[in-house]
Amino acid sequence: MPELPEVEVVRAGVEPAVTGALVAGVEIFDERSLRRHDRRTGSFTEQLTGRRILGAVRRGKFLWLPLDSGRALVVHLGMSGQVLLRTPGSAIDRHLRIRLCLESVSPQVLPPTAWPDDGAAGELWFDFVDQRVFGSLVIDNMVPTTDGAAGGFAGSGAGPWSALVPSQVAHISRDPIDPAFSQSAFFAGLARKKTGIKRALLDQTLISGIGNIYADEALFAAGLHYKTPTASLSPAQAAELLAALRAILQRALGEGGTSFDSQYVNVNGQSGYFAHSLEVYGRQGTPCSRCGTTLVRESFMNRGSHLCPSCQVVTS
DNA sequence: CGCGATTCCTGGTCGC
DNA sequence: TGCGACCAGGAATCGC
């Protein structure tokens with residue numbers, strides 16, 4: 001389940017390989033991965049073929065590649081999406097949905113597993129692989145950010161596209177490790193909403209990049225029950241929750257993200273290690289690391305919520 | 001207007 | 001052993 005750390009691993013992996021590359025061709029193996037593309041502005045293939053990629057940017061779980069046309073290729077991994085960089089001639093993945101054929105890529109910026117060892121220098125496959133087809137690729141127009149800051153995290157890249165964001169991403173809030181994230185707006189939003197804290201964390205409009213795994217982990221770290229009304233949080237509790245979110249996202253990022261199986265991998269097909277560091281997610285039936293109480297898994301919002309019934313109780 | 005339920009989708013797993 | 005039911009969940013959309 002790719003969340004912010006997993007998407008950032010993908011962004012950092014593709015950035016050096018795609019920046020400056022020319023899209024020489026597009027192969028569509030499954031139209032469902034283009035479900036969110038608005039065809040009224042032109043076909044996906046027409047708007048991508050012949051364009052040059054200028055960088056790789058991420059906000060929350062959304063990734064986009066600005067194009068020299070002024071638009072951007074927006075990538076969302078959904079539940080099971082992967083981006084794999086491959087040398088032409090590699091075996092076809094079972095769940096390959098869309099392939100971009102890239103040209104004029106300097107061999108020295110390719111990941112080691114994509115180094116060409118024959119006459120294919122400068123050519124690279126950008127494979128969008130997605131088993132459950134919840135992810136999507138779209139070509140979108142760019143709009144200015146409301147605060148004038150960068151649209152998202154772009155690594156070492158910058159350009160005229162920096163203070164722009166794809167229109168399909170504009171309604172998503174900044175994520176908590178974005179330098180332009182507004183703490184005051186986050187706290188004000190918590191005070192204004194009339195809903196439970198986990199629902200607010202998963203709703204990407206107040207804060208972005210958080211999914212089911214890191215929501216459960218952060219709520220455990222902050223000692224909060226998932227149903228705690230957002231408006232009931234004290235300033236100290238809200239600050240502690242935000243600090244917990246940042247700490248967990250940064251730690252997961254440092255470990256290459258969370259992988260349970262081959263469903264989430266980096267652009268070279270390798271798994272991250274954060275699954276070993278999870279305190280509550282998937283650990284129902286085992287003792288809480290803080291108090292020893294048996295952890296439980298409850299059904300909430302049609303998904304699992306993992307928590308310690310002693311450390312995490314509704315306070316109001 | 002905003003919250004919360006529904007929908008999209010596949011493959012692994014479980015029970016009969 | 002085989003087959004059907006069920007579960008995992010990000011985010012747009014719809015209904016109330």
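Modeller: This is a predicted model. Start with Leu219: its relative accessibility is 2%, and buried means under 20%, so Leu219 counts as buried.

Biologist: Where is Leu219 found?

Modeller: Leu219 belongs to helix 5.

Biologist: Which residues is Leu219 in contact with, leaving aside its neighbours within four places in sequence?

Modeller: Contacts of that kind are made with Ile197, Lys198, Leu201, Leu224, Tyr226, Leu241 and Gln312. As for separation along the chain and in space, Leu219 and Asp203 are 16 residues apart in sequence, and their C-alpha atoms are 15 Å apart.

Biologist: How many residues of helix 5 are buried?

Modeller: Helix 5 is mostly covered, with 10 of its 11 residues buried. Among them are Asn212, Ile213, Tyr214, Asp216, Glu217 and Phe220.

Biologist: What covers the buried residues of helix 5?

Modeller: The cover includes helix 1, helix 4 (197–202), helix 6 (235–254) and strand 11. After helix 5 comes Gly223, with a positive phi near 70 degrees.

Biologist: Helix 1 is part of that cover. Why does the distance between its end C-alpha atoms agree with the span it should have?

Modeller: The check is a count of residues against a distance. Helix 1 (residues 4–18) has 15 residues, which at 1.5 Å a residue should span 21 Å; the end C-alpha atoms are 20 Å apart, so the two agree. Helix 1 is also mostly covered, as 13 of its 15 residues are buried. Just after helix 1, Gly20 has a positive phi of about 90 degrees.

Biologist: Where does Met301 lie, and is Asn302 buried or exposed?

Modeller: Met301 lies in the loop between strand 10 (296–300) and strand 11, and Asn302 is found in the loop between strand 10 and strand 11 as well. Asn302 has a relative accessible area of 81%, so it is exposed. Met301 has 22% and is therefore partly exposed.

Biologist: Let us turn to the domains. How is chain A divided?

Modeller: Chain A is divided into domain 1 (4–166) and domain 2 (183–307). The centres of domain 1 and domain 2, taken over C-alpha atoms, are separated by 28 Å. Their contact takes 20 residues from domain 1 and 20 residues from domain 2.

Biologist: Why does the largest pocket lie between the domains?

Modeller: To place a pocket, ask which parts supply its lining. Residues from both domain 1 and domain 2 line the largest pocket, so it lies between them.

Biologist: What is the volume of the largest pocket, and which residues lie nearest its centre?

Modeller: The volume of the largest pocket is about 730 Å³. It is lined by 28 residues, and those nearest its centre are Lys61, Gly78, Met79, Phe134 and Arg303. Strand 4 (71–76), strand 8 (136–144), helix 5 (212–222) and strand 11 (303–307) each give at least two residues to this lining. Sorted by class, the lining has 13 nonpolar, 9 polar and 6 charged residues.

Biologist: And what is the volume of the second largest pocket?

Modeller: The second largest pocket has a volume of about 330 Å³. It is lined by 20 residues, with Arg59, Thr146, Ile172, Ser173 and Arg174 closest to its centre. Strand 8 and helix 3 (183–192) are the elements that give two or more residues to that lining; helix 3 gives the most, with 3 residues. The second largest pocket likewise has residues from domain 1 and domain 2 in its lining, so it lies between them. Its lining has 10 nonpolar, 5 polar and 5 charged residues.

Key. Residues are numbered from 1 along each chain as its sequence is written. Chains are lettered from A and ligands numbered from 1 in the order in which they are written. This is a predicted model: local features need pLDDT of at least 70, side-chain atom pairs count only at pLDDT 80 or more; totals for chains, interfaces and linings use all residues. Side-chain values use heavy atoms; hydrogens and water are left out. Helices (H or I, at least four residues) and strands (E, at least two) are DSSP runs, numbered from the N terminus. The expected span of a helix is 1.5 Å times one less than its number of residues. Buried means under 20% relative accessible area, exposed over 50%, partly exposed in between (1.4 Å probe, protein chains only). On a 1 Å grid over the protein atoms alone, a cavity is a set of points where a 1.4 Å probe fits but cannot get out, and a pocket is an open set with protein on both sides within 12 Å along at least five of seven lines; lining residues have an atom within 4 Å of a point. Grid points are joined across faces, edges and corners, and a volume is the space filled by probe spheres set on the points. Ala, Val, Leu, Ile, Met, Phe, Trp, Tyr, Cys and Pro count as nonpolar, Asp, Glu, Lys and Arg as charged, and the others, Gly among them, as polar. Domain bounds come from an automatic or database domain assignment. Contact means heavy atoms within 4.5 Å.
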